[in-house]
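Let's take a walk through this fold, one piece at a time. Have the structure open and follow along.

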Amino acid sequence: MPDQTPTLIFIYEPEKACFDRLVGDGFPAARAAEISSYLAQSTDIAPEFGAMETACARRGLRFEPVALDDAATALAGRDPKNTLVWTISDGIAYFRGSAGPALARLNGLRTLGSDDSLFALCQDKFRAGAVLGALDMPVPQAGLARDGRWLVEPPASVTGYFVKPNRLGAKIGIYADSRCETAGHALELSHRVFAAYRDDVVVQPYVSGRNVRLSFLGVTPDAGAEALGIFFVDSGGDFQTMEDSLALYGETGAEARATGSYAEPELVPVAVSQPVAAGRIGAIATRLMQALGLRDVFSMDFRVEADDTVHLIEFEVCPGLPCFDFRAYCKAQWGLELAEAIAATAANRFQALAMQTAV
């Protein structure tokens, strides 16, 4: 008789697999290394697979980490009643994590996380912004430029502009002068980004304020707005650059620790000093959970001004689980270390599914 042990399949996209594919596609090694560093959560979480396996075993689950390139084979023929798939990287361009939940759906398997269409949408900032705008979310208007020419011109702005790659995450392609004064400078940055990464840039009016990260993990299936973690992320600067990000995560983050240059931003609950803004952020998240289908695990980035004006910058369906901010959220909200939080979430889903089946 086949083994009926409930199994959590944890799909991750390794940095090296991404790096090798980009080099094979003609990217210089230095640029491929920068791009693949976005997948540092896969590198940083791998040493904890043993702890996750132990935490799952205590709850009667089997834990099975699977590299993305092996997912098609690993998911084929699985029993839908005893399989839960959790994919921890997103994207369809440089990163291909949206293939994970799509493969699960193809095999009739349940997933933990949002619909696979959102895995692709959130990695295209211009399209995602259009959807968020249609939902009446407070997102800055955006222009779109490619290699020095406008595809969509940005609105006039008295505050200058902020320029970022359209499909890259983890601050890749964000420079010290990504906040610029003129649309002409923004076009120059679009040329720089295209030359380095073959990507378009989103050009938005610059908005002031402090950076805020919202984190969510539905450890219990009925978790809602009360389980949101809403924190100021104070790094000492107006915004984080690519160099800042590289010094925090993955192989480059390990090098920063070794040289003593590693420094985590400070996390401060927004509700302590700006409860009105925290309430507005919670309402936005609740609206997107209902209208966009965000569920189980996600994050959002905001800018909050001193007068409680809130700007939604972007959302992610695959927050960096091993990153300092998500670990701090799991500890503050659920009182759990990361491995325990992951195992508890999976175990509670299996229990809920079993109860639904029994009914």
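In which strand is Lys164 found? Lys164 sits in strand S7, where strands (E, at least two residues) and helices (H or I, at least four) are DSSP runs numbered from the N terminus. Before going further, keep in mind that this is a predicted model, in which local features need pLDDT of at least 70, side-chain atom pairs count only at pLDDT 80 or more, and totals for chains, interfaces and linings use all residues. Residues are numbered from 1 along each chain as its sequence is written, and side-chain values use heavy atoms, with hydrogens and water left out.

Back to Lys164: is this residue buried or exposed? With a relative accessible area of 7%, Lys164 is buried; buried means under 20% relative accessible area, exposed over 50% and partly exposed in between, using a 1.4 Å probe and protein chains only. Leaving aside neighbours within four places in sequence, Lys164 is in contact with residues including Lys125, Asp200, Gln204 and Glu314, contact being heavy atoms within 4.5 Å.

Now for the sheet around that strand. An open sheet of 5 strands runs in the order S6-S5-S9-S7-S8, with antiparallel pairing; two strands pair if DSSP finds at least two bridges between them. Strands S6 (149–152) and S8 (179–180) are at the edges with a single partner strand each, so one side of each has no neighbour in the sheet. Further in, strand S5 (residues 143–146) and strand S9 (residues 201–205) run antiparallel and are joined by 3 bridges.

Setting aside neighbours within four places in sequence, the contacts of Leu144 include Trp150, Leu151, Val201 and Val202. Pro165 is 21 residues away from Leu144 along the chain, with 9.6 Å between their C-alpha atoms. Lying across S5, S6, S7, S8 and S9 is helix H9 (residues 183–197), at about 95° to S6; axes are lines fitted to C-alpha atoms, for helices over the stretch in contact, and angles run from 0 to 180 degrees between N-to-C directions.

Next, the nonpolar cores. A nonpolar core is a set of buried Ala, Val, Leu, Ile, Met, Phe, Trp, Tyr and Cys residues joined through side-chain atoms within 4.5 Å. The largest one here has 66 residues, and Phe10, Trp86, Leu288, Met300, Phe315 and Leu321 have the most contacts inside it. Helix H15 (residues 338–358) supplies the largest share of this core, 9 residues. A second, separate core of 24 residues includes Leu22, Ala32, Tyr38 and Tyr197.

Thr87 is in strand S3 (residues 83–87) and counts as buried, at 5% relative accessibility. Beyond neighbours within four places in sequence, the contacts of Thr87 include Ile11, Leu112, Phe119 and Cys318.

Finally, look at a helix pair. The axes of helix H1 (residues 15–24) and helix H2 (residues 29–36) come within 9 Å and cross at roughly 145°. Where they meet, H1 contributes Glu15, Cys18, Phe19, Leu22 and Val23, and H2 contributes Ala29, Ala32, Ala33, Ile35 and Ser36.
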